[in-house]
Amino acid sequence: MDATMEQLKSFADDDSTTAEIITCLEKCGCCPRCIYRFLGEKSASSYKFYPETIKETLNDMKKKSSAKPGTESCIQTDVDMSLGDGQPCPACLGILQHHLDRPFLAKIKEYVTEAEYEFKSFLCSLTVPVCVLIRERAILVHLRDKFKSVYESVTESDIARVKDVWKWTAGPLLGDSLGVAFDQKSNFDIAITFNYPRTFKECEMFLDYQPEVFKRRKFKRGQGELFNRANVGKALKDMSDQKLRRSFQVPPTIPKVACECETICCTREPLYIAGRYNKYNRLLSQTPWFVDGVRKSESSVEEKICDHLKKYFKHSDSKFSASGREDVDVLMLGTGRPFVVELLDPHKVTFSKTEVSNIQKEINAASSYVQVRDLQIVTKEATSNLKEGEMEKTKTYSALCWSAAVMPPEKLKEISAMKNVVLQQKTPIRVLHRRPLATRERTVYTMSAERIDDEHFKLNLETQAGTYIKEFVHGDFGRTTPNMNTLTGMECDILQLDVLSVLLDWPKPIEDS
């Protein structure tokens with residue numbers, strides 16, 4: 001389909017004025033796509049043509065206007081349409097000229113192919129020099145000076161953004177080249193950053209205009225942190241056209257050098273894999289354990305799971321989360337503790353249930369200390385189940401306890417009959433270095449005590465999540481009340497603790513897991 005004048009939208013109501021605006025923008029040095037932008041065209045389909053086609057459309061519009069009686073002397077119909085080809089456009093800094101051609105798109109394809117990502121669709125995100133905002137405003141001010149009735153109420157938001165025009169044009173072309181769909185809702189992003197060497201220089205006027213916003217001392221020159229899209233956009237919104245004319249060239253000068261592509265980078269949204277783990281070792285921490293930079297345990301549950309995922313999903317990093325945690329010397333028995341691993345920027349994401357099952361078997365075969373079940377890929381939304389059930393879920397424990405004297409049978413029976421014992425637990429001394437001091441109310445729903453010998457008994461409990469079981473047994477110097485010391489009337493301590501179950505119905509069970 002050819003672009004036609006009827007398809008092109010313009011802020012101007014008549015062809016003659018539109019033609020004059022085209023000529024004005026050509027004299028400023030604007031490239032054909034930027035002329036479209038400042039005419040008011042915001043339809044993606046209008047930008048998908050080759051520059052030569054766009055030039056022909058603009059020339060046709062001028063010729064049609066000059067053919068009308070009384071307009072012959074007003075419109076220059078044979079403007080050199082090569083203007084903007086050899087020199088950078090003052091509006092887009094060359095982004096819509098030189099970075100939409102076949103060689104540049106081929107460069108993007110080459111990078112994406114070498115990155116070896118698996119993807120079925122993609123989106124593009126662009127970072128353009130922030131001084132483009134100033135230059136666009138300067139052109140708009142120039143158009144207001146020349147065509148007040150047309151541009152008096154036009155604002156920057158009415159002009160199609162450089163990054164949007166680039167995506168409208170490059171997206172479908174890249175899609176054809178890569179053989180997948182260009183989709184702005186895709187979870188695979190091809191991010192392109194453009195750099196312009198004079199960005200800082202062109203933005204320096206704001207240091208005098210709004211020094212309270214742009215405080216030089218907080219930033220290092222040349223790092224691009226001082227001026228960003230948010231603060232420059234706000235400053236321009238607050239700046240009058242008259243003030244801009246005094247501070248910046250209107251219309252903007254034609255750049256001596258064009259924008260350069262600084263980086264091309266591929267990223268994918270995280271993938272989430274969930275399951276339940278059992279821990280059968282009393283020297284294994286849940287996550288890597290360091291004190292003052294010194295490692296305290298040889299490995300961890302996290303590492304014994306995540307190290308195997310890396311070679312399959314090829315992610316850059318991972319974040320391990322679980323429904324609570326057991327101490328290093330505590331076993332996790334029963335059906336295990338729910339966990340989820342967030343895989344950051346994974347390169348491979350498509351796995352069958354059989355393939356995931358085989359990964360689980362590999363994890364389990366590698367260590368007798370950690371066993372995994374119900375391993376499965378889940379959605380980001382589903383992971384909220386892990387935290388939403390944090391305080392609602394219950395846990396069951398088995399504790400081997402010591403008593404300073406023989407525990408009478410009637411006392412064991414009395415303990416076993418207790419229900420819904422409400423505890424007041426101050427932050428335990430052993431975790432004060434990493435948790436704030438607070439008093440937390442927790443409930444022990446049921447207990448059963450069973451004699452082992454004269455000095456030992458087994459205590460089975462069902463409690464609210466977050467209950468400190470060790471402190472409930474020995475009292476933590478009175479920081480947990482009531483405790484087994486106060487309930488039995490004799491000194492008690494805990495020798496060994498096992499988690500029997502975490503009663504959270506997530507993730508879903510997998511047969512034969």
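This is a predicted model: local features need pLDDT of at least 70, side-chain atom pairs count only at pLDDT 80 or more; totals for chains, interfaces and linings use all residues.
Reader: What makes strand E3 and E4 a pair?

Author: Two strands pair when there are at least two bridges between them. Strand E3 (residues 188-195) and E4 share eight bridges, in the antiparallel sense, so they count as paired.

Reader: Why are E2 and E4 said to stand at the edges of the sheet?
Author: The open sheet has four strands in the order E2-E1-E3-E4, with mixed pairing. Strand E2 (181-182) and strand E4 (260-268) each have a single partner strand, so one side of each lacks a neighbour in the sheet.

Reader: Which helix packs on the sheet and touches E3 and E4?
Author: That is helix H5 (residues 102-115), whose direction makes about 35 degrees with that of E4. Helix H8 lies across strand E1 (121-127), E2 and E3, at about 145 degrees to E1.

Reader: Why is lysine 146 called exposed?
Author: Happy to show you! Exposed means over 50% relative accessible area, and lysine 146 has 53%, so the word applies. Lysine 146 belongs to helix H6 (residues 131-146).

Reader: What makes four residues in the lining of the largest cavity charged?
Author: Asp, Glu, Lys and Arg count as charged. The lining includes Glu136, Arg161, Lys163 and Arg229, so these are the four charged residues, beside four nonpolar and no polar ones. The largest cavity holds about 50 Å³ of space, and H6 gives the most to its lining, with three residues.

Terms used
Residues are numbered from 1 along each chain as its sequence is written. Side-chain values use heavy atoms; hydrogens and water are left out. Helices (H or I, at least four residues) and strands (E, at least two) are DSSP runs, numbered from the N terminus. Buried means under 20% relative accessible area, exposed over 50%, partly exposed in between (1.4 Å probe, protein chains only). On a 1 Å grid over the protein atoms alone, a cavity is a set of points where a 1.4 Å probe fits but cannot get out, and a pocket is an open set with protein on both sides within 12 Å along at least five of seven lines; lining residues have an atom within 4 Å of a point. Grid points are joined across faces, edges and corners, and a volume is the space filled by probe spheres set on the points. Contact means heavy atoms within 4.5 Å. Axes are lines fitted to C-alpha atoms, for helices over the stretch in contact, and angles run from 0 to 180 degrees between N-to-C directions.
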